[in-house]
Protein chains: 2
Amino acid sequence: MRRVTETLNVNGRQVRPFDGVGQPPPAGARKASPPVRSAAAYPSNGDKRAPSLEEALRRAGLRDGMTLSTHHHLRDGDHVAGMLFEAAARLGARGLVWAPSAAFPCHAPLIDALRAGTLRRIEGSLNGPLGEFASFGGMLPDLAVLQSHGGRYRALQDGDLHVDIAVIAAPAADAFGNCTGTLGPSACGPLGFALGDAQYADHVIVVTDHLVDFPCAPWAIQGTLVDQVVEVASIGDPARIVSGTTQVTRSPDRLLIAELTARFVMETGLARDGFSFQAGAGGTSLAFTLALRDRMRAAGLRARFVRGGSTQQLVEMLESGLTDYILDGQSFDLAGVRSLRDNPRHVQTNPSITYNYHGKGHVAALVDVAVLGATEIDLAFNANVVTHSDGLMLHGIGGWQDALFAGCSILALPSFRDRVPVIKDSVTTLCAPGEMVDVVVTERGIAVNPRREDLLDAARRARLPLRTLASLKDEAEALCGGPPAPARTTDEVIGVVQWVDGSVIDVVRRVVG
Amino acid sequence: MRRVTETLNVNGRQVRPFDGVGQPPPAGARKASPPVRSAAAYPSNGDKRAPSLEEALRRAGLRDGMTLSTHHHLRDGDHVAGMLFEAAARLGARGLVWAPSAAFPCHAPLIDALRAGTLRRIEGSLNGPLGEFASFGGMLPDLAVLQSHGGRYRALQDGDLHVDIAVIAAPAADAFGNCTGTLGPSACGPLGFALGDAQYADHVIVVTDHLVDFPCAPWAIQGTLVDQVVEVASIGDPARIVSGTTQVTRSPDRLLIAELTARFVMETGLARDGFSFQAGAGGTSLAFTLALRDRMRAAGLRARFVRGGSTQQLVEMLESGLTDYILDGQSFDLAGVRSLRDNPRHVQTNPSITYNYHGKGHVAALVDVAVLGATEIDLAFNANVVTHSDGLMLHGIGGWQDALFAGCSILALPSFRDRVPVIKDSVTTLCAPGEMVDVVVTERGIAVNPRREDLLDAARRARLPLRTLASLKDEAEALCGGPPAPARTTDEVIGVVQWVDGSVIDVVRRVVG
């Protein structure tokens, strides 16, 4: 499946087209090499505090056109990205690039910064209002760049994404810059999404609302990578950083999907003693985790590890001995944060070890089963996670592309949403080629990729309700009154979707507003 | 103090002379940039095992002249360096360079590899028999290179020390390469001295005698940095890796030095609530730690952190609440290993955060008091830790240069050893300029560097037995029958001592055998 066949100019950089899964890095490629610093240039008492973020940006040498990054561990409660570009605007900076590890609805006010020219584009991830703004051409002539979590670490490591100033929101930090996400009023769990920024940015500023005496330990980010520390009143809204509890779906269709997925995992023998799985924190994923948990307990099975995003549901599995470890990239609720802080078997990860395709292997490939969502799937199992069928780019990629490297990747999704079928002849935007998707579970049955004869055989033996994607598509279209209306898009490209190796796998086009 | 005034050719690389403390890095210096790898080139099941170290070296592309590194956490019990060069010899490799983080007497058999031509030189650290061998010209025409622990990390980071193949002895590892020093029959505590090798070497091989199921957690080194894993019967001799218990000195003179040092720290006010200190695991250092501990307890003082090498003595301080944290670079005894494994306030460090002079500050500078040894000191407080007055190069630098950056650096040493005075007009080898040494404590009194008027005043007020170095020198010479005989050395240079910034602070000359 090739949608892009030529090298593209992406915001001034030549980027090669996707050429299949498993391509090697460019010959002779070497990792980025940040500038060498000297301890003599930092306060010998270790106190790197600056009086304000504005002053820290001034000391960092903020200039027009620079790339500034933030992480998304504070999710929809993040105050720091907004604070950052307000400070940059007060300093009169223009044409900045924001390189977040993910964006959330709380970042909608940055549309004003884009309109005002403080910000010229967003690289890495867009979501909701920002994605919609870009879809209608709001960032042109610049292109939106969409990367997976692993793809973003790779881009930092390989020097494709050069960050001038990284701003790391830290729930707890000391004045030397050691910081952690497990302590303080804005505790969020891991801080791994900031690791690549700390390692490769030219300048690193830690922003915290909970300054502790040196050493802030155990540290997720080490102060030797940090230039300055800024204390603020609040880095985020705790109620929107982590949920009190994550919510399991109550939709009968979604519960059915979760049950079918759990049955598939159990009855095809994917779940065996010492296996591993990854599922998200969405309502269907949580229902799947609970359904699998009950079956594991009944069968006397124990997982070796479960990959988080951690939730209360995973923590209960850890504490009741249903898994030996949680390998956690982000915490979705308070139970996840507490467990990471207190339980040595709840291990903090980062997108280097879990997802970096340009590492020496990654944990994603060692996971036996990954259960994920998608916005669309087509008859060749190609999948979309970024746009809807109306063409609007409403979702970042997150760890989705990376997690597809699991031994068995399962997309669990309803056959239609709001009377719009999600199984199509061809996905609106190609985010993963069909060979990466092993199984599609819908409320109307399970489609197994014909490439996975082993899984097909196992599912047949287990008498699971197997379907073809074509028949699921027909059924959904019959119920919804036909296929979705074609997206009303122009030829104009407003963004690119990168594969985990940095190549462009598809472009996103402007939506007629 | 300048002993080297010109750029030197050190094994083919031009190295600038030491030009004072606090010099910036070369203009435009950037960190080393290792090759980019791809997960597609590693087993998708994460099993990176090779059947033998020999086969792993073959797969790594071992060639004549390559640089191979090992770490020293297994100390005098290490089996892996010997195993490595035996395997390399069987493969017929010639002219290799060994870059250990430290060498021990157990490595004496490598002299045979040097004689046979498998090995051409040792870069980074030499000790005991290997140092003696080099002193007599055994490695010529190559030069021995002596670096501190922080200097070695800096050299790796800055690309001055390029390691082709790093071989990491791991007390526990999984087949993906995640490894830790806290588990297994050869448990040694931290693995931080291998961090720079894992980050910057072209190829990384983990050697373990305790393979565990994935994930080996918590991991000290992450498998995403590791190319291959080799299982062997034994990586080391547990009895010589960590002591059962570390031994406090029984020498009356050494006990007196320890007492005087503890009195200095307490009575000058260096020890205050929330202070920090570092002392080694030698007999005098341990006696100092105990003497200080008793005084702290009596005075109701608590340290914020103590820097290890961890010992039973430090662990007892942690567990009895006399310190909030141990920041630990290596464990010297079983109590240290156990505490690191079980106590979250016993924090594993590495030479990047603790010692790297080309980092954004280092922890060494945040330590209030460091108590260290030395082989010689001169009247200008210049100090030697590498050679004896006979010219023999018998000691590596270890963390000594780095730890001198503490708020108050104290050299605690007898005024003479084996009837050889240690206070001289001029040190045999300059390893640290006098401005880095604040205090010298001997059994005959305390000399404070005149640069530290604050400490002099405080010591006078406390009525501590202050002396000048000149009077201590005179007294020691009177007792020993004069100054030490001059070293019988030629003009021929056999090694260089680097300062923490990579410059050459002194050369070591050939000893007439």
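**Notebook: core, sheets and the A/B pairing**

I started at A:I168, which touches A:H71, A:C179, A:A194, A:D197, A:A198, A:V204, A:V206, A:V207 and A:I221, leaving out residues up to four places away in sequence. Contact here means that the C-beta atoms, placed from the backbone, lie within 7 Å.

Ground rules before going on. This is a predicted model, where local features need pLDDT of at least 70 and side-chain atom pairs count only at pLDDT 80 or more, while totals for chains, interfaces and linings use all residues. Residues are numbered from 1 along each chain as its sequence is written, and chains are lettered from A and ligands numbered from 1 in the order in which they are written.

Back to the core. I looked up which residues touch the most other members of the largest nonpolar core, which has 362 residues: they are A:I168 and B:I168. Such a core is a set of buried Ala, Val, Leu, Ile, Met, Phe, Trp, Tyr and Cys residues joined through C-beta atoms within 7 Å. Buried means 20 or more other C-beta atoms within 10 Å of a residue's own, exposed means 12 or fewer, and partly exposed is in between.

**Chain A sheet**

I traced an open, mixed sheet of 10 strands in chain A, in the order β3-β12-β11-β8-β4-β5-β6-β7-β26-β27. Its edge strands are β3 (49–50) and β27 (504–511), each pairing on one side only. Strands are DSSP E runs of at least two residues, helices are H or I runs of at least four, and both are numbered from the N terminus; two strands pair if DSSP finds at least two bridges between them.

Helix α2 (residues 80–90) of chain A packs on this sheet, touching β4, β5, β6, β8 and β11, and its direction makes about 155° with that of β4(A). For angles, axes are lines fitted to C-alpha atoms, for helices over the stretch in contact, and values run from 0 to 180 degrees between N-to-C directions.

I then checked β6(A): five of its six residues are buried, so the strand is largely enclosed by the rest of the structure. Three bridges join β5(A) to β6(A) in parallel, and A:W98 has A:I122 as its bridge partner in β6(A). β7 and β26 of chain A also run parallel, with three bridges; there A:V145 stands opposite A:V496.

**A:D227**

A:D227 sits in the loop between β11 and β12 of chain A. Buried or exposed? It counts as buried, because it has 24 C-beta neighbours inside 10 Å. Its contacts include A:K48, A:H203 and, from the other chain, B:K360.

**Chain B against chain A**

I superposed chain B on chain A: a rotation of 180° with 0.0 Å of shift along its axis does it, at RMSD 0.0 Å.

I find 49 residues of chain B in contact with 49 of chain A. On the chain B side, β14 (303–307), β15 (323–328) and α12 (351–355) each supply at least two residues. By class, that side has 26 nonpolar, 15 polar and eight charged residues. Nonpolar covers Ala, Val, Leu, Ile, Met, Phe, Trp, Tyr, Cys and Pro, charged covers Asp, Glu, Lys and Arg, and the others, Gly among them, are polar.

Methods: Copies are superposed by least squares on the C-alpha atoms of residues with pLDDT of at least 70 in both. Two residues are in contact if their C-beta atoms, placed from the backbone, lie within 7 Å.
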